Amino acid sequence: MEYEKLLNEQQLKPVYALEGPVLVLAGAGSGKTRVLTYRIANLIEHGISPANILAITFTNKAAKEMQDRIFSVTGSTGAQISTFHSFCTRILRSDIEALGYYTRNFTIYDEEDSNKLLSRIIKTYEIDMDKKALVKEVKGHISYAKNYGHDPDSYYKVISHNPNANLIISAFKQYQDELIRCNSLDFDDLLLLVLKLFIDHPEVLQKYQERFTYIHVDEFQDTNRIQYMILRLLGYKYTNVFVVGDDDQSIYGWRGADYENIKRFVKDFPGCKIFKLEQNYRSTKQILDVANRVIANNSERMSKQLWTDKEGGVRVEYKEAWDELEESDYVLSQIQILKRNLDYEDKDFAILVRTSSITRPFEEKCNLYNIPYRLIGGHKFYERKEIKDFLAYLKIVTNQKDNESVLRVINVPKRGIGDSAVDKFVDAAKNARVSLCEALKDLSKLDLTNLIRNKIQSFASIVNDLIDKRDVMNLEDYIDYVYETVDFASMYDIDEEDDKDRLDNLSELITVIKTFIKDNPNSTLDEFLQSVTLQTSEDDQAKLGDNVLTIATVHGVKGLEFKCVFIVGLEDGIFPIRRFDTKDDELEEERRIMYVAITRAKERLYLTHAKQRYRFGTKSFTSPSLFLKEAGVMKQKVDDDFIPAKKKPMYNYQSTFAQKPTPAFAQKSTILPNQDKDLSKFTVGTLVEHAKFGKGEIIAVTGENADIKFEGLGVKKFNIRLAPISIIEK
């Protein structure tokens, strides 16, 4: 393959470095995935079997994209490309029994399952403190401990100064004992137990060292300590380890990511070749100049300077608003002007925030102005209650030691089984030394009153029937049978909008399962449940392919790009998040988050802040973010009436739509601002009609803003020029 025609000079060097350890420092938008793809293709071209090639990335979406790219280039599907957690799950499904206390059909607990288990444990403690807060604290300590390879005893030495140390360690031990008893693992166990397998069972490590002789890791700056130790052990024998990362984009320190692994890699793999990818193919020079100026203030980084050979581009715009309402109006008006003048669509825009707590005014204004949007950071499909309830029944039949799933649905649909009855049932099963599911097989053997036994019997009959039918029914038919037998439909009123949505969600879940079965003819329920558990938020985002505006946290859009980006709420205390005890390394991570936000923009970047903001029940004055000063935009002249140069004259969209096929984005009822609207006609007492809220009356006008009272909906505040309202002629 003629790679010289496909890659630049910087990209070619790591693609040709086929032996030994390699570190690629890849700046934002520098084509790192392209380099990884062609490097693997080059290995295959040089006779390396795809079966000996492993590539690790951080999302299922990224893994799928890489698989598709490699197949399109090589025609091969033999290389194993997956996330760290998926890779470790495969190892455990094959070799976990070597540990001696787990079987291969283990269940993977998600966050909610883990929290429920901890809540049950801490509920038994006779302590005078907030047990809900203690659950959160203990869960954080357990996750931290596992990410750094600690068991309860060794972790006690780390937190012995903590006044709650004994409570934390006690709960940690009970939590871990219960996981083992239920043949279940939490997400952190997937990594920790693989590391334990590799250390305690050299024959298992050797098997995978010989299997994967060429190892690749994408987004290396996001690896945590355990992931790095697994990688080091796996690659130490042949040292053909190729990692790609950017310490400037390490923004997950709060969940254990350690950008110092980049330095550790260079130290632990002598002779490591280091290459830098600095040419950016995404952003304009004006945007990159701002990004470089900001990130240059971090001292703990490996130096690199992004550049581009793209000509042109507009300046980065800066806006200081009076408050969050003016800020949101400014942002949405600029979006609408850009759409009208330059043919941008809603999908080309992203409004980025540091924290989701400040998205409300933007969401509210999108609804008022009838602008379609997606919010990245809300409840995802598999986190919805009705979905988790259905999946819990499937988990019970695949792993009959899964107590948490039993407890989740023992009263779903409602059967009159209260907390007291559940507690007595749990105690009886524990005394009988059986799992809850095993106890359901014959309730007569438990020490229970007839009243409680009779209450639980209806649930037991359903569970036992589902277990009996699992292996004798076609899997597609079985899914329908679960839905009908449990009688999920009885839980919801089809005439209620929210209930209808929940039933639609369950219908969609059944479709998803059947599609999975169709696409994987020999699949099992265990495999489907595993695929669900390992899904990431990025995978859910991939389903949102509609032409809609994006409102998101910076963390939510890492890896994505947009033509136009608005970074809002740039105030000290919000972005960066400032605390009285903020340390330098915390501020540097905040700066990396800002750098990631800036480099999501391809063509246009807007930086905004409000002089005052309503937060936590009060409105107070704010200070501009430190990052605005570092970006060098605050001294430029602010043009509040900025309108970009037009590609073509303004025209009436309505009449144009009537003359030719309606574009897809027009079908979204997106309202473009009418620069020629006569605002003087919108006076107090005027009757108007809103595209979404119907008829209303203007009760107050201040400049371009109006308060409009809608029958049954109350008063809503609008920018008249932006609002999709028309006057009702008397």
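Me: Is Arg301 buried or exposed?

Reply: Arg301 is buried, at a relative accessible area of 19%; buried means under 20%, exposed over 50%, partly exposed in between, with a 1.4 Å probe and protein chains only. This is a predicted model: local features need pLDDT of at least 70, side-chain atom pairs count only at pLDDT 80 or more, and totals for chains, interfaces and linings use all residues. Residues are numbered from 1 along each chain as its sequence is written, and side-chain values use heavy atoms, with hydrogens and water left out.

Me: Which residue does Arg301 meet in a salt bridge?

Reply: Asp248, at 2.7 Å from N to O. A salt bridge here is a side-chain nitrogen of Lys or Arg within 4 Å of a carboxyl oxygen of Asp or Glu. Asp248 counts as buried at 1% relative accessibility.

Me: What about Lys32, which partner does it have?

Reply: Lys32 forms a salt bridge with Glu219, with the closest N and O atoms 3.1 Å apart. The two are 187 residues apart in the chain. Lys32 is buried at 18%, and Glu219 at 16%.

Me: How many salt bridges does the structure hold?

Reply: 52. One of them joins Asp389 and Lys385, with N and O 2.7 Å apart.

Me: Switching topic: how many residues of residues 241-245 are buried?

Reply: Five of five; that stretch is strand β7, where strands are DSSP runs of E, at least two residues, numbered from the N terminus. Val241, Val243 and Gly245 point one way, Phe242 and Val244 the other.

How values were computed: Helices (H or I, at least four residues) and strands (E, at least two) are DSSP runs, numbered from the N terminus.
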